[in-house]
Amino acid sequence: MAAIGSFSLLRNCAVTTRAFSNVRVSPRATSSFNSIKFLNPHHSQSFDKIIAKEIPSSIVYEDEKVLAFRDINPQAPVHVLVIPKARDGLTTLGKAEARHGEVLGQLLYAARIVAEKEGILDGFRVVINNGPGACQSVYHLHLHVLGGRQMKWPPG
C-alpha cells in the first residue's frame with residue numbers, strides 16, 4: 001500500500017518536492033524511481049520519435065518548424081503539446097538564446113492556431129514548465145495549450 005501512496009505523491013511534483021526534500025533514498029529505490037517515465041529526463045527521445053512518426057500521436061497541427069499533438073495525460077478537456085521539430089539546444093526555455101527567437105514565436109503562433117482549431121480561442125492557457133522546480137518532465141521545450149474548462153488563478 002505504501003508504494004501506491006508514494007506513486008500518487010510523485011504525480012504531484014510540488015507535494016513531492018516538499019515531502020521528500022530531506023529524505024535519504026537507497027540506491028535500489030533511486031533506480032526504481034528513475035524508471036518511472038515522468039521522472040526520466042531522457043523521455044525527450046519520445047518527442048523525437050513522435051516528430052519522426054515512429055510513435056503514433058494525435059496530431060492537431062504541423063508545419064515546417066513545429067508539431068502539435070494531444071497530451072496522453074490531459075489535464076483539461078483540451079490539452080495539446082506544441083514542440084519545435086528541431087530541438088537545437090532548447091531543452092528548457094531557460095536555455096533559449098537570441099537565435100531561437102523565430103522558433104519561439106512560431107511555437108506561440110502555433111498555440112493560437114491550435115486554440116482556434118479546438119474551438120477555445122476565447123479562453124485558453126499556454127504553459128511552459130522550465131526545469132525540475134516547475135515539474136518539467138520532458139527535456140525538449142514544449143508548450144501546453146489547455147482549455148475547454150474554466151481555468152483558475154493562481155495556477156499551480
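This is a dialogue about a predicted model and the terms used to describe it.

Reader: What are the ground rules for the numbers?
Author: The model is predicted: local features need pLDDT of at least 70, side-chain atom pairs count only at pLDDT 80 or more, and totals for chains, interfaces and linings use all residues. Residues are numbered from 1 along each chain as its sequence is written, and side-chain values use heavy atoms, with hydrogens and water left out.

Reader: How many helices and strands are there, and what makes a run count as one?
Author: The chain has 5 helices and 5 strands. Helices are DSSP runs of H or I with at least four residues, strands are runs of E with at least two, and both are numbered from the N terminus. The order is α-α-α-α-β-β-β-α-β-β.

Reader: Why is H142 called buried?
Author: Its relative accessible area is 7%. Buried means under 20%, exposed means over 50%, and partly exposed lies in between, with a 1.4 Å probe and protein chains only. The value of H142 falls under the 20% limit, so H142 is buried. Across the 156 residues of the chain, 32% count as buried.

Reader: Where does H142 sit, and what does H142 touch?
Author: H142 is in the loop between β4 (124-127) and β5 (143-147). Leaving out residues up to four places away in sequence, H142 touches F47, L81, V82, I83, V127 and I128. Contact here means heavy atoms within 4.5 Å.

Reader: What makes the link between H142 and H144 a polar contact?
Author: The two side chains are joined at 3.4 Å. The rule asks for a pair of N or O atoms within 3.5 Å; within protein, one must be able to donate a hydrogen and the other to accept it, and residues adjacent in sequence count only if both atoms are side-chain atoms. The distance of 3.4 Å is within the limit, so the pair qualifies. The side chain of H142 also reaches the backbone oxygen of H140, at 2.8 Å.

Reader: What makes a group of residues a nonpolar core, and which residues have the most contacts inside the largest one?
Author: A nonpolar core is a set of buried Ala, Val, Leu, Ile, Met, Phe, Trp, Tyr and Cys residues joined through side-chain atoms within 4.5 Å. The largest has 19 residues, and Y61, V80, V82, V114 and V145 have the most contacts inside it. At least two residues each come from β1 (59-62), β2 (66-70), β3 (78-84), α5 (101-117) and β5. The top contributor is α5, with 7 residues. A second, separate core has 8 residues, including I50, I51, L81 and V138.

Reader: Which residues does Y61 contact?
Author: Setting aside neighbours within four places in sequence, Y61 contacts V66, L67, A68, Q106, A110, I113, V114 and K117.

Reader: Why is the pair K85 and E62 called a salt bridge?
Author: Their side chains meet at 2.8 Å, N to O. A salt bridge needs a side-chain nitrogen of Lys or Arg within 4 Å of a carboxyl oxygen of Asp or Glu. The value of 2.8 Å is within 4 Å, so the name applies. K85 is in the loop between β3 and α5, E62 is in strand β1, and the two are 23 residues apart. The structure holds 8 salt bridges.

Reader: How do you know that R70 and E118 tie together separate parts of the sequence?
Author: R70 and E118 form a salt bridge, with the closest N and O atoms 3.0 Å apart. R70 lies in strand β2 and E118 in the loop between α5 and β4, so the bridge ties together parts 48 residues apart in sequence. R70 is partly exposed at 35%, and E118 is partly exposed at 21%.

Reader: Is R99 buried or exposed, and what is its partner?
Author: R99 has 52% relative accessibility, over the 50% limit, so R99 counts as exposed. Its salt-bridge partner is E97, at 2.8 Å, N to O. E97 is partly exposed at 44%. Elsewhere, salt bridges that share partners join K53, E62 and K85 into one network.

Reader: Why is the pair F47 and F69 called edge-to-face?
Author: Rings of Phe, Tyr and Trp (its six-membered ring) pair if their centres lie within 6.5 Å; planes under 30 degrees apart count as stacked, over 60 as edge-to-face, and the rest as tilted. The ring centres of F47 and F69 are 5.6 Å apart and the planes stand at 85°, so the pair is edge-to-face. F47 belongs to helix α4 (residues 44-51) and F69 to strand β2, 22 residues apart. Both F47 and F69 are buried. The structure holds 1 aromatic pair.
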